[in-house]
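Please look over the sequence and the structure below before reading on. The paragraphs after them go through the model part by part.

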Amino acid sequence: MFSAEAALIILIIKRIIYGKDEYLEDLLSSRRINWGIFKELSIYHGIAPFIYSIFKELPAIIPASLMDFLRNDQYSNLVNNQILWQEFLQISKKFEEKKIAIVPIKGTAFLEDIYKQHPFRPMLDVDILVREEEVLKAEAIICSLGYKKELFGLKEDYWKKKQCHLSFCKKDKPLIEMHFALDFKRNNHKILPRLWERIRKIYGKGEHIQVLSVEDSLFSLCLHLRRLGKTLSLKNVCDAALLLNKYRGNINWEYLLKQAYQDKMRTALFFLLSEVVIMTGVGIPKSVLKELNISKSIKFLIEKFIYKNTFSPNISKKVKDLYAKEHFLLYDSLIEPLIYILKIPKEQFAKFYNLKPYNKKTDFLYKIRLAFIIFKAGSNLCKPVIMRIIASKQKPNFFKKNDETAKGALFFKTQGFSMWPFLKTGDKVVISKRPAETLKIGDVILYRTSNKIVCHRLIREVKTEKKRFFYARGDSSTDSAELVDEKMILGKIASVIKNGQVISYLDKRQEIINLIIVYISPLIAGAIGLIKPLYGRLKRGVAFKK
């Protein structure tokens, strides 16, 4: 079952598609809505600009601040879309003068086709499609209008040979994205060979505009799923649902199925249609879904992925992680996404991992990309498992005023990577002041060095007649252990707060886990040591802000 916020988003999408939904008012009156979560989801999914027109007709139960935001968002998108449309018309006329074919795609085309009643669809740029053999002529036309190529710091060869579009910018004008295909060539295979033969005309604001056929428009949305962007965005689902609903009696399903097989897009098409059915209820012929011939296991994984992640908390922070998982659910065989990963252009590799595209570090990482990708994927998979083992649902006693742990406790926020994955930047820790003689191997301690405060794990203890010394090291640090005098120690970690969840470090269960970590931390450090040259030296210690 979806949350109240997710259910409200779904009902709004249905109102956009069908023009009415009798359950919307019932939901608002019967279920409690977290308006902060609702706002976050509506922005991520590109639905926010449509909501003001719907909510202003309802009783005054919507927070005034949210209504102000929705009204401003709707009006700003309306103005922006008019600017984009006028710019497209100007470019289109110039192309017509030169007798070069041009077709608007994605939002630019949908604005006058399926969003006439709701011209607020979020758009960032003007997307146009030209024939591949006319790219140079098309470039010249756009540049004659005062635009310049925008390569975003990348080489032009990358855009022309490894992508399928070029961008153009002009001061105080919207960005123009000129596509010469709907997808880059995979194994030199050109998809949708009949695309230009199947162009249709629509009438919009006094102009006859050429646009893609409904079927090819659906394929463009399928291919968009494979691009790194807002994974599971309902804006694209809304696009597809509106197309299917408006042209439901005129869709050439035979062509869709034939091209899906020929261009290896069966699974991507099934994924898109599944989103449409689950989120909007628009009917898809069962025979079509059956003839796509998707295995039961893949169907199950796709539907589970959609249900589990579409309205995931903080989804905007999980885009890359979700994209990496979704990537394996959009191809007709497992080997296709693997081949893509192995052959991924260096520029795409750098973008995904937030690296500079052209430097020695990226060059080296790219050469060993298979090992690097496996390591990154493995660390992402292992981290939540480890944290689930550590996490305790019971709140620790330091929140009680009379608790001894709370007396003299210090609160800190972590910075650095040497205690990853158990501590990461931004985690809040509570330090309890404890006598040195109570410390045990595995405890995570806070100690002061000559120039900073460090948080590391005790891995060894040395006793002399007069003093006790400890050796401490970060769980992922490849440096040697540091000798710590008991006078340097400020305390030990009592609790950690991660994503609002409190993890106690004082119970017996955690003591056992701490000991286990002492023995496995060299393995973690060893794995990181393999790629350490790729990142530069790890900072010693975890610095803190008090």
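The model is a predicted one. In soluble globular proteins, nonpolar side chains tend to be buried together. Here the largest nonpolar core consists of 93 residues. Within this core, the residues with the most contacts are Leu-8, Ile-12, Phe-38 and Phe-55. Helix H1, which covers residues 4-18, supplies the largest share of the core, 11 residues.

Another core lies apart from the largest one and has 32 residues. Among its members are Ile-100, Val-126, Ile-128 and Ile-142.

The next element is a sheet. Its 5 strands follow the order E1-E2-E5-E4-E3, and the sheet is open, with mixed pairing. Strand E1 (103-104) and strand E3 (148-150) are the edge strands, each pairing on one side only. E1 is joined to strand E2 (residues 125-129) by 2 bridges, in the antiparallel sense. At this pairing, Val-103 is opposite Leu-129 in E2.

Helices pack against these strands. Helix H5, residues 64-97, packs on the sheet and touches E1, E2 and strand E5 (175-179). The direction of H5 makes about 35 degrees with that of E2. Helix H7, residues 135-144, lies across E2, E3, strand E4 (165-169) and E5. Relative to E5, H7 runs at about 165 degrees.

Most residues other than glycine have a negative phi, and most peptide bonds are trans. Lys-264 has a positive phi, near 55 degrees, although this residue is not glycine. Lys-264 sits in the loop between helix H11 (253-262) and helix H12 (266-280). Is Lys-264 buried, partly exposed or exposed? Lys-264 counts as partly exposed because its relative accessibility is 46%, and that class falls between under 20% for buried and over 50% for exposed.

Asn-314 is the other residue to look at. The phi of Asn-314 is also positive, near 55 degrees, in a residue other than glycine. Asn-314 is found in the loop between helix H14 (296-309) and helix H15 (319-326). With a relative accessible area of 39%, Asn-314 is partly exposed.

Key:
Residues numbered from 1 in each chain as written. Predicted model: local features only at pLDDT ≥ 70, side-chain atom pairs only at ≥ 80, totals over all residues. Heavy atoms only, no water. Core = buried A, V, L, I, M, F, W, Y, C linked by side-chain atoms within 4.5 Å. Buried < 20%, exposed > 50% of the residue type's maximum accessible area, 1.4 Å probe, protein only. Helix = DSSP H or I, 4+ residues; strand = E, 2+ residues; numbered from the N terminus. Pairing = 2+ DSSP bridges. Contact = heavy atoms within 4.5 Å. Axes fitted to C-alpha atoms, helices over the stretch in contact; angles between N-to-C directions.
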